[in-house]
Amino acid sequence: MTVFDAATAFSLKDKVVIVTGGGTGIGKVYSQRLAEMGARVVLADIAAKEADEVAAGIVKAGGEALAVATDVSDAAAVDAMVEKTVAKWGRVDGLVNNASLMSALPRGDWFKIPIDEWDRVMAVNLRGIFLCCRAVYPHMKRQKSGRIVNISSGRFWHGTPNRLHYSTSKAGVIGLTRSLAREVGDDNIGVNAVTPGLTLSETQMATSSSNYLGGQEQTRSFKRPQVPDDLVGTVLFLLSDASAFITGQTINVDGGQLMH
Ligand SMILES: NC(=O)c1ccc[n+]([C@@H]2O[C@H](COP(=O)([O-])OP(=O)(O)OC[C@H]3O[C@@H](n4cnc5c(N)ncnc54)[C@H](O)[C@@H]3O)[C@@H](O)[C@H]2O)c1
């Protein structure tokens, strides 16, 4: 029977957490904040230079971080990234499956999506999560503990048009989360998802019009822009012991835009 320890329930001190896509956008902010909270953060990003720079900044500020150039759709690269993590810190406590093809994708009619683009989105956004979960699983199973946080999207609730492959992949993230939670429950591994609303990450701002970005605000209960830091508390909670009995769930973080 778990006993709630008020001193450590929300602590990530010395926990080893992998953040995929941790080099830019929202993932960069997760990496920086988790490190500030005392976690040992692995930034696994295909954007190797950016991940290196963020990791160096974390270390300079007194935190612990390791950047590993990783294409999450590549099984060998993912396995090597997790091996490097375990070689350095001996364990894996948390995995934030944040990497995705999103800002890199054009918005447009569903029937004009090139087939190879559809396949690449599925490979990164879904196979990538499967491969990362598969790679950390033996370590979390051995430890008899682990927390996996899968980043989906508010598109799942809303049915947002104009990136059908992306929306489909993010719905798949929730199916994966639910079924995997049941498969690894006996190993004491929690698996949950987060659905962010439209968030002003540096990458989103660079690739979206101000009309598109501003159009969401009036439909929220909290009528202001959503920024990456708005998501950090939920991810922290789902990685921490405080959420130990929550699994298979999806938490929506969008300032009260969509309700379910
Ligand atoms: N920004 C938003 O409005 C918003 C809304 C809902 C959900 N999300 C989700 O939140 C997460 C972060 O969003 P963002 O705005 O920072 O997205 P983004 O597309 O700008 O960044 C994604 C990150 O993933 C990395 N990446 C891409 N392909 C990769 C691969 N093959 N292997 C490893 N890394 C790869 C990129 O280099 C980048 O660091 C994504 O999963 C996104 O789908 C974002």
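## About the model

Residue numbers start from 1 along each chain as its sequence is written, and side-chain values use heavy atoms, with hydrogens and water left out. Because the model is predicted, local features need pLDDT of at least 70 and side-chain atom pairs count only at pLDDT 80 or more, while totals for chains, interfaces and linings use all residues.

## The ligand and its shell

Let us start with the ligand, which sits in the largest pocket. A pocket here is an open set of points on a 1 Å grid over the protein atoms alone, where a 1.4 Å probe fits, with protein on both sides within 12 Å along at least five of seven lines; sitting in it requires more than half of the molecule's atoms to lie within 2 Å of its grid points. The ligand is surrounded by 29 residues, and the closest are Thr24, Asp45, Tyr166, Ser201 and Thr203; a residue is near if one of its heavy atoms lies within 4 Å. At least two residues of this shell come from each of α1 (25-36), α4 (115-143), α6 and α7, where helices are DSSP runs (H or I, at least four residues) and strands are E runs of at least two.

Ligand oxygen atoms lie 2.7 Å from a backbone N or O atom of Thr199 and 2.7 Å from a side-chain N or O atom of Ser201. Taken alone, the ligand exposes 820 Å², of which the protein buries 95% (Shrake-Rupley method, 1.4 Å probe). A ligand nitrogen is 3.0 Å from a backbone N or O atom of Val72.

Thr199 belongs to the loop between β6 (189-196) and α7 (202-207). Its relative accessibility is 4%, so Thr199 counts as buried (under 20% relative accessible area, 1.4 Å probe, protein chains only). The side chain of Thr199 makes a polar contact of 3.4 Å with that of Gln226; such a contact is a pair of N or O atoms within 3.5 Å, and within protein one must be able to donate a hydrogen and the other to accept it, with residues adjacent in sequence counted only if both atoms are side-chain atoms.

## Two further buried residues

Asn192 is placed in strand β6 and counts as buried because its relative accessibility is 2%. A polar atom of the Asn192 side chain lies 3.2 Å from the backbone nitrogen of Gly248.

Ser169, in helix α6 (residues 164-184), is buried too, with a relative accessible area of 0%. Leaving out residues up to four places away in sequence, Ser169 touches Val121, Met122, Asn125 and Leu126 (heavy atoms within 4.5 Å).

Methods: Buried means under 20% relative accessible area, exposed over 50%, partly exposed in between (1.4 Å probe, protein chains only). On a 1 Å grid over the protein atoms alone, a cavity is a set of points where a 1.4 Å probe fits but cannot get out, and a pocket is an open set with protein on both sides within 12 Å along at least five of seven lines; lining residues have an atom within 4 Å of a point.
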